[in-house]
Amino acid sequence: CPRLRSLSIASCRGLSQDALLPLLDAQQPPLSQLTALDASYCDVQDVLASQLLLRCRQLQHLALSGCAGVTEAIWQQVESQQLQQAQSHG
C-alpha cells in the first residue's frame with residue numbers, strides 16, 4: 001500500500017507488534033506517503049516506533065497514547081527529526 005496516507009489501528013489490542021513489522025519490510029515499498037498514524041493503545045515498542053519514524057518521512061501526526069512500550073526516548077527522537085527537517089528546509 002505505497003499510496004496509503006492515513007492509518008488508524010487504535011485500540012487493536014489483539015494486533016501484536018510482530019503483525020506490524022511487515023509494514024516496515026525492506027523488500028516492500030516503504031510507506032512513503034503516510035502522513036498520519038494512530039497506533040494508540042496497541043502493543044507498540046520504541047523499536048517499532050523508531051523504525052516508523054525513520055521510514056515514514058512524510059509522517060506529520062503520530063498518536064501513541066496508551067502504548068506502555070513507548071518511552072520518553074521516542075519523543076526525543078521526534079524532536080530531533082523535526083529540528084533536522086526544519087534546518088534542511090530553512
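Start by selecting Cys12: with a relative accessibility of 33%, this residue counts as partly exposed. Keep in mind as you look around that this is a predicted model.

Is Cys42 buried or exposed? Its relative accessible area is 8%, so Cys42 is buried. A disulfide would need the two sulfur atoms within 2.5 Å. By this rule, the disulfide count is zero, and Cys12 is in none.

Next, zoom out and switch to a cartoon view. You'll find three helices and three strands, and if you trace the chain along the sequence, the pattern goes β-α-β-α-β-α. Among contacts between residues at least 6 apart in sequence, 81% join residues at least 24 apart.

Time to go inside. Of the 90 residues, 34% are buried. Select Leu34, Leu37, Val44, Leu59 and Leu64: these have the most contacts inside the largest nonpolar core, a set of 22 residues. Colour helix 2 (46-55) and helix 3 (72-89) too, as each supplies at least two residues of this core. Helix 2 gives the largest share, with four residues.

Last stop: click on Val44. Which residues does Val44 touch, leaving aside those up to four places away in sequence? Gln17, Leu20, Ala39, Ala49, Leu64, Cys67, Gly69 and Val70.

How values were computed
Residues are numbered from 1 along each chain as its sequence is written. This is a predicted model: local features need pLDDT of at least 70, side-chain atom pairs count only at pLDDT 80 or more; totals for chains, interfaces and linings use all residues. Side-chain values use heavy atoms; hydrogens and water are left out. Buried means under 20% relative accessible area, exposed over 50%, partly exposed in between (1.4 Å probe, protein chains only). Contact means heavy atoms within 4.5 Å. A nonpolar core is a set of buried Ala, Val, Leu, Ile, Met, Phe, Trp, Tyr and Cys residues joined through side-chain atoms within 4.5 Å.
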